[in-house]
2 protein chains.
Amino acid sequence: MTLAINIQLPEWLASTAAENESRLFTSTEEKMRFTIGLANQSVTERTGGPFGATVFDEETNTLISVGVNAVVTQGLSIAHAETLAIALAQKKLGSFDLAQNLQKRYSLYTSGQPCIMCFGVIWWSGITKLVSAATAEDIEQITGFREGPLPQNWAEMLENRDGLPNLTVLRETLREEACEVLRMYAASGQPVYNAGSTRPGTKKS
Amino acid sequence: MTLAINIQLPEWLASTAAENESRLFTSTEEKMRFTIGLANQSVTERTGGPFGATVFDEETNTLISVGVNAVVTQGLSIAHAETLAIALAQKKLGSFDLAQNLQKRYSLYTSGQPCIMCFGVIWWSGITKLVSAATAEDIEQITGFREGPLPQNWAEMLENRDGLPNLTVLRETLREEACEVLRMYAASGQPVYNAGSTRPGTKKS
């Protein structure tokens, strides 16, 4: 019985991250364009779903970590872009709580609105700013990927967490550029897992 | 920039798991008692929060994987018992979807009701049966650990997921035995992270 879990992100992602490690990102749009670029490269490299995420240090405006969807290649349903970017940031910064030192504020950028799982991951992560591009409806309608039962007021819930640091949510930043990547994925014929099923014991959607 | 995430579970857990690898578990209570035993050992070994989880093959009634809370030791907010047990099961069985082969049904046992994050993790995991012991109220009131904004009807939501395989939820199995472990943890003075904070920028609960 193995008691270690090893998650490996794609080689191209390591290169892209290294090339941008000391780059200064001067605007919200620049950070999001880079994040959508990861989603784009994920499609062209064919290493996973059309989703990218990043964590930035909002004080220095530098890149802390990156993530892309790696569910199929890693054989792990938790391997969503947001979850991997957050885990890499926590490992890099040495804390399970990115808000531990509130002099520093860490933001999560994501090319697509978080699903029900990533909503919960963000909840406990210590991220204090969330910026997203494509909406849940964009993702579900263009690709067929599911988002799960995210509460209608998910952004307000994140902004008003009892007993946890304030979190700011900014939505639909460069939404159309993110939708373009979703359309590219849909056209590429790459797999859409969990998109519904005709297996026995499955409810119709 | 590191682009691998390695999560290591405690040594004692590997031994306990190995000792029970070919054991036949003949009832729901026996599976849950073993799961609560992991939570108990987690407290006495002082390797994390008072939570244990397991995945069982419901056809052969054998143990597939185990998990305990490892948030503090691993420096990762995703390292909840349920999430780790599910990830280990997926790695062992070679699929991100434990319901891929519906001839096999895999159950998740957890000593405490899943939090908002683990609810989302379970959603996409392919688990088709969930058995829990202590309730969210037990956990929050006895230990101070938070559960997050789990919907009131979370169990019904899991049981009625559109387009995903049927999932059965069984609650409060050996609840009192799980509460005993929570009380032991509270009395031990071990850390309760995320239990509320007086840090600047934090809302009062």
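**View 1. Buried side of helix α8 of chain A.** A:A178, A:C179, A:V181, A:L182 and A:Y185 are buried in α8(A) (buried: 20 or more other C-beta atoms within 10 Å of the residue's own, C-beta atoms being placed from the backbone; exposed: 12 or fewer). Down the axis of α8(A), these buried residues fall within an arc of 155°, so they line one face of the helix; the arc is taken from the directions from the helix axis to the C-beta atoms. The model is predicted: local features need pLDDT of at least 70, side-chain atom pairs count only at pLDDT 80 or more, and totals for chains, interfaces and linings use all residues. Residues are numbered from 1 along each chain as its sequence is written, and chains are lettered from A and ligands numbered from 1 in the order in which they are written.

**View 2. Surroundings and end of α8(A).** The cover over the buried residues of α8(A) includes α2 (28-44), β4 (106-112), β5 (129-134) and α6 (136-142) of chain A. Exposed residues A:E176, A:A187 and A:S188 sit on the face turned away from the buried side. After α8(A) comes A:G189, with a positive phi near 75°.

**View 3. Contact between chains A and B.** Chain A gives 61 residues to the contact and chain B gives 61 residues (contact: C-beta atoms, placed from the backbone, within 7 Å). On the side of chain A that touches chain B, α5(A) gives the most, with 8 residues.

View 4. β1(A) and β1 (residues 4-8) of chain B run antiparallel, joined by 5 bridges (strands pair if DSSP finds at least two bridges between them). B:I7 in β1(B) is the bridge partner of A:I5.

Terms used:
Two residues are in contact if their C-beta atoms, placed from the backbone, lie within 7 Å. Helices (H or I, at least four residues) and strands (E, at least two) are DSSP runs, numbered from the N terminus.
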